[in-house]
Amino acid sequence: MNVTRTSHQFLLGLPYASEFINCVDFHTVCQDYFGLPNTLVDAHVGVNVKGTPLDAYGRVLTTANMSGDGLRHRHDNNKWNIFNLVCACQVNIEAEVLGLFASCIPQASAFHGLTLRKRQTLVPDLKITPLPPKDDHLLELKCFGYARYLHTRAGIRERGGAVNRRAARIDSEYRRKARNADRKYNGTPPGVCGPVQTRLKSYGHIWGLAIGPRGEISKDLERLIDVSAKIGAERKWRAMGSRSQREAAAVLKNAMRRRIGVVAVRENARLKRERLAIILSPDGGAAAAGRRAAAYGHFNARDEQDMFHFTGRRE
């Protein structure tokens, strides 16, 4: 039951650069989807991974606190994929939003020597204004592996239960960070709403965008797809060659679900493969970083072509 409509989209992926999955990762994606042991780690089962033996499914590779930047790359690749898709629908969206909370804390000696990002206190992944002059909404993305506290019996009673349980925690986590920031930098006593908390409340509920290990997505991410497709259809249905806005919205929803689902499972499979290389060879992390850098330029060179196929026109 821990799958949603995006989990099987890798079977429907089109041969575009953004939806390409190599043969090794495709085997991993299929085995993860059907719950089969991973042949990539079959010969290395039992190898120590930060104090935990490697399991036959390679699940510990997606949750262990290891060297390398695999978790951040998985998160950022999914985040920028969502950002590009929403942008293609001509929705007002910002990524890595800086400056929202910096004015709520004293930029004094406590921040000397710190980077710009660390002086922000809170940096939401995304901010959207669906239809001005409506209020802005903050969105936070979380990608996770096979976490025992999420994949429980209670979590599998509903479709996508684990991913929705993770998404439900995001709003309270953000408000706890705001409360701690007020106490640390503004001296706000317990029980009092400080400047950071007040600013955060003005944005309402934080949309929890969560992506699970099988490409499943949370209800808020599904909501973002619906909102973006509706706006994109209103503004581009003629350019797309559709007969109506309703038809264009259906096309955009399907394309967004497919792209998000393919990228989600591909990044999870890539994380397993690259982390296995780090464990088995001392220079595996450097080699994986070199391959990522080479692939990054190749995929960027074809982004414009992909957006043309997605929206029906060049941006």
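Me: Let's start with terms: helices (H or I, at least four residues) and strands (E, at least two) are DSSP runs, numbered from the N terminus. What pattern do they follow along this sequence?

Reply: The model you see is a predicted one. Reading along its sequence gives α-β-β-α-β-β-β-α-α-β-α-α-α-α. That comes to eight helices and six strands. The protein has 315 residues, of which 48% are buried.

Me: Why is Asp-220 called buried?

Reply: Its relative accessibility is 16%, and buried means under 20%. The value falls under that cut-off, so Asp-220 counts as buried. You can find Asp-220 in helix α5, which covers residues 219–236.

Me: What makes the pairing of Gly-208 with Asp-220 a polar contact?

Reply: The backbone nitrogen of Gly-208 and a polar atom of the Asp-220 side chain are 2.9 Å apart. A polar contact needs N or O atoms within 3.5 Å, one able to donate a hydrogen and the other to accept it, so this pair qualifies. Setting aside residues up to four places away in sequence, Asp-220 also touches others, including His-205, Ile-206 and Trp-207.

Me: Now for another aspartate: how do you know whether Asp-182 is buried or exposed?

Reply: The relative accessible area of Asp-182 is 0%. Since buried means under 20%, Asp-182 is buried. This residue sits in helix α3, residues 161–186.

Me: Which backbone nitrogen lies 3.0 Å from a polar atom of the Asp-182 side chain?

Reply: That of Val-196. The limit for a polar contact is 3.5 Å, so 3.0 Å lies within the limit. Beyond its neighbours within four places in sequence, Asp-182 is in contact with Gly-187, Thr-188, Gly-194, Pro-195, Val-196 and Gln-197.

Me: How far apart are the C-alpha atoms of Asp-182 and Thr-121?

Reply: They are separated by 9.7 Å, although the two residues are 61 apart along the chain.

Conventions. Residues are numbered from 1 along each chain as its sequence is written. This is a predicted model: local features need pLDDT of at least 70, side-chain atom pairs count only at pLDDT 80 or more; totals for chains, interfaces and linings use all residues. Side-chain values use heavy atoms; hydrogens and water are left out. Buried means under 20% relative accessible area, exposed over 50%, partly exposed in between (1.4 Å probe, protein chains only). Contact means heavy atoms within 4.5 Å.
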